[in-house]
Amino acid sequence: AKMREDRIEKTKTVCTYCGVGCSFDVWTKGRKVLKVQPQAESPANGMATCVKGKFGWDYVNSEERLTKPLIREGDHFRETEWEEAIPYVARRFQEIKDKEGADALGFVATSKETNEESYLTQKFARQVIGTNNVDNCSRYCQSPATKGLFRTVGYGGDSGTADDIAKAELIITIGSNTAEAHPVIASKIKRAQKLHGHKLFVFDLRKHEMAERADKFMSPTPGTDLVWLQAVTKYILDQGWEDKDFLQNWVNGLEEYKQSLEGYTLEYAQSVTGISEDTLIEVAETIHESESVAICWAMGVTQQKNGSDTSTAISNLLLVTGNYGRPGVGAYPLRGHNNVQGASDFGSMPDCFPGYQSTEDDEVRARYEKAWGVELKKERGRDNHQMVEAIHKGELKSLWIQGEEMGIVDANANHVQAAFEKLDFFVVQDLFLSKTAEFADVVLPSVPSLEKDGTFVNTERRIQRLYRALDPTGDAKPDWVIISMLAKEMGFDWGYSHPSEIMDEVASLTPLFAGVSYERLEGYNSLQWPVHADGTDEPVLFVESFPFDDGKAKLYPVEFIEPVGVDEEFDLHINNGRILEHFHEGNMTYKSEGITRKTPYCWIEVSPELAKDRGIKSGSFVRIISESGSVKGHVTVTDRVQGKELYIPMNDNNELAINKLTNSDVDWATNTPAYKDTRAKMKVISVEGEDPI
Ligand code: SF4
């Protein structure tokens with residue numbers, strides 16, 4: 001042990017802060033994280049990283065780490081041993097299952113966990129408990145993008161690699177603050193623009209860094225992207241600019257789709273989106289003239305009532321113009337969390353086994369039944385949103401949340417927290433006593449990525465290994481170990497001694513991952529799914545065909561749904577999203593000194609016009625009130641926002657927690673919260689004050 005304390009160890013890991021999936025060696029001495037060192041062979045990032053990947057690791061040694069299981073006693077927690085906690089949780093789960101049925105229990109995995117842990121979460125729900133009530137936090141971000149791609153092209157992942165985005169002659173980003181949310185991809189785009197003259201069009205509410213750099217920046221009325229997308233597609237078809245060969249050979253449904261676009265004239269689009277007809281024509285012309293087009297999108301698109309439909313409209317446009325199936329083109333939903341792609345890929349979803357195999361498919365179910373030795377449920381289970389509603393209705397009695405700050409991160413936080421209070425039995429598994437954990441009956445201490453082995457999938461569908469760099473803290477354990485212990489206690493001894501064995505099981509049951517193994521992923525090697533049995537993978541999708549029965553994609557008609565918008569009383573629209581330095585509610589980054597020194601807290605961005613109108617300035621202290629709740633914080637006056645548009649970073653877990661304001665509206669097709677469709681009013685508390693920035 002002494003030797004280890006004195007030696008500098010270099011261990012390959014993958015960043016946990018965004019879907020770019022940067023990999024690097026982490027240098028440690030004892031428990032101290034000295035630095036991270038990207039390698040030339042780091043497949044997603046080369047030698048690059050951003051501030052979070054570089055400095056965001058102090059949290060692993062935070063004094064606040066949980067080191068023992070906790071059991072509630074009245075209004076406080078008592079520290080205990082695993083020997084007590086595991087049988088206790090198992091007994092309570094069993095009692096609830098016996099009394100109320102398996103569907104009275106729910107399970108939420110996190111994209112901070114590894115693929116193997118997502119797999120075990122759904123295996124636990126399905127095999128041990130017997131319910132499909134299992135979901136993960138992509139419900140809060142990217143499910144609509146996945147839905148849009150499934151409808152049209154059959155795989156819910158980026159069409160190519162991050163380098164393919166940079167190869168596109170025209171790069172369009174929609175509702176994506178790429179420079180702050182996906183910094184290393186943004187650098188690739190900037191380079192493509194600067195060195196190779198590729199064009200960048202940005203559609204966003206906020207004039208962020210990429211908007212400043214764009215060849216063209218368009219700021220549509222909130223929640224109306226679907227309309228300009230359909231109008232541009234219709235214009236392209238009206239001009240006869242569609243890719244006729246591609247449509248003929250590779251796409252079904254053109255006639256019906258054309259009819260569905262009838263009302264989407266340029267005039268209508270201008271009136272709804274506020275983007276002029278001339279600008280829309282210019283967008284259409286540029287798409288037509290570009291050899292290759294890649295469209296990137298993120299939460300500005302998906303976290304709306306029509307998030308799935310707008311994602312579908314993006315894919316339709318790419319199909320009509322033949323921008324699929326070769327390098328440098330396609331659809332790029334930019335995944336937020338490090339493993340948001342993998343959490344869904346590996347089956348923590350209410351309607352799919354791993355690899356997006358439907359629970360309703362008899363052949364698929366039979367395969368898992370044979371492997372797991374139990375009868376499995378066919379009907380779709382509840383997603384996160386439905387679980388919260390079911391708790392309020394008294395139908396769901398128990399919840400096990402892993403690594404998710406759901407009490408702050410889900411929309412309409414007050415409503416979600418009220419649900420937690422109604423649970424009969426609530427288990428939270430986390431590194432810290434999070435706000436969500438404060439409601440729990442049992443808290444199980446888990447470990448961060450640096451303290452375990454496993455794999456993540458990044459936004460490029462790239463599966464990468466992470467190796468254990470540090471020993472677990474105190475009695476904390478990797479999630480895969482905790483889930484396995486509980487399964488064993490409940491009569492299912494899985495017997496895994498290493499995550500590689502879990503991956504072997506996944507590969508044997510899941511065509512999408514048929515050829516995945518830890519040997520093939522050794523070191524900096526990676527594989528981009530689908531991975532065939534012989535170990536070959538597909539960096540660019542749809543080169544030979546689309547994964548539908550006849551090998552053809554589908555144009556999928558969609559219609560515009562009006563966003564909530566503003567009214568006389570709630571006259572301000574609130575946009576929210578990331579900032580560069582912090583990650584989500586900040587449970588990790590606020591515990592990393594290198595980051596808090598730069599950015600200690602969040603703020604409210606107000607336009608110069610609005611500031612003038614309300615007589616406030618940078619530093620003023622205000623309360624923002626919506627129909628769901630209220631927050632308070634300091635104002636920053638900036639022309640990044642316009643008119644009555646406010647921007648609040650989502651990275652506050654306290655007074656300025658954005659989800660005290662958001663409502664319970666959801667994307668109709670996936671139940672993803674419409675976080676970006678919130679209206680509010682402002683009350684000035686104090687005009688004076690220091691500028692916090
Ligand atoms: Fe790379 Fe994203 Fe991590 Fe930054 S946060 S180092 S871009 S993976």
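Mentor: Domain bounds come from an automatic or database domain assignment, and by such bounds the protein chain is divided into domain 1 (2-61), domain 2 (70-140 + 338-510), domain 3 (143-333) and domain 4 (572-686). Residues are numbered from 1 along each chain as its sequence is written. The model is predicted, with local features needing pLDDT of at least 70 and side-chain atom pairs pLDDT 80 or more, while totals for chains, interfaces and linings use all residues.

Trainee: Why are H10 and H16 called roughly parallel to each other?

Mentor: Helix H10 (residues 225-238) and helix H16 (residues 307-320) pack at an angle of about 20°, with their axes 9 Å apart. Angles under 35 degrees count as roughly parallel, and H10 and H16 are therefore given that name.

Trainee: What makes residues of H10 and H16 meet?

Mentor: Two residues are in contact if their C-beta atoms, placed from the backbone, lie within 7 Å; the residues that meet include Leu226, Leu229 and Ile236 in H10, and Ala313, Ile314 and Leu317 in H16.

Trainee: Which residues of helix H22 (residues 479-489) are buried?

Mentor: A residue is buried if 20 or more other C-beta atoms lie within 10 Å of its own, and in H22 the buried residues are Asp479, Trp480, Ile482, Ile483, Ser484, Leu486 and Ala487. What covers the buried residues of H22 includes helix H3 (82-100), helix H4 (115-129) and strand E17 (425-430).

Trainee: How many residues of domain 2 are in contact with domain 3?

Mentor: Eight residues of domain 2 are in contact with seven residues of domain 3, and the centres of domain 2 and domain 3, taken over C-alpha atoms, are separated by 35 Å.

Technical notes
Axes are lines fitted to C-alpha atoms, for helices over the stretch in contact, and angles run from 0 to 180 degrees between N-to-C directions. Helices (H or I, at least four residues) and strands (E, at least two) are DSSP runs, numbered from the N terminus. Angles under 35 degrees count as roughly parallel, over 145 as roughly antiparallel, 65 to 115 as roughly perpendicular and the rest as oblique. A residue is buried if 20 or more other C-beta atoms lie within 10 Å of its own, exposed if 12 or fewer, and partly exposed in between; C-beta atoms are placed from the backbone.
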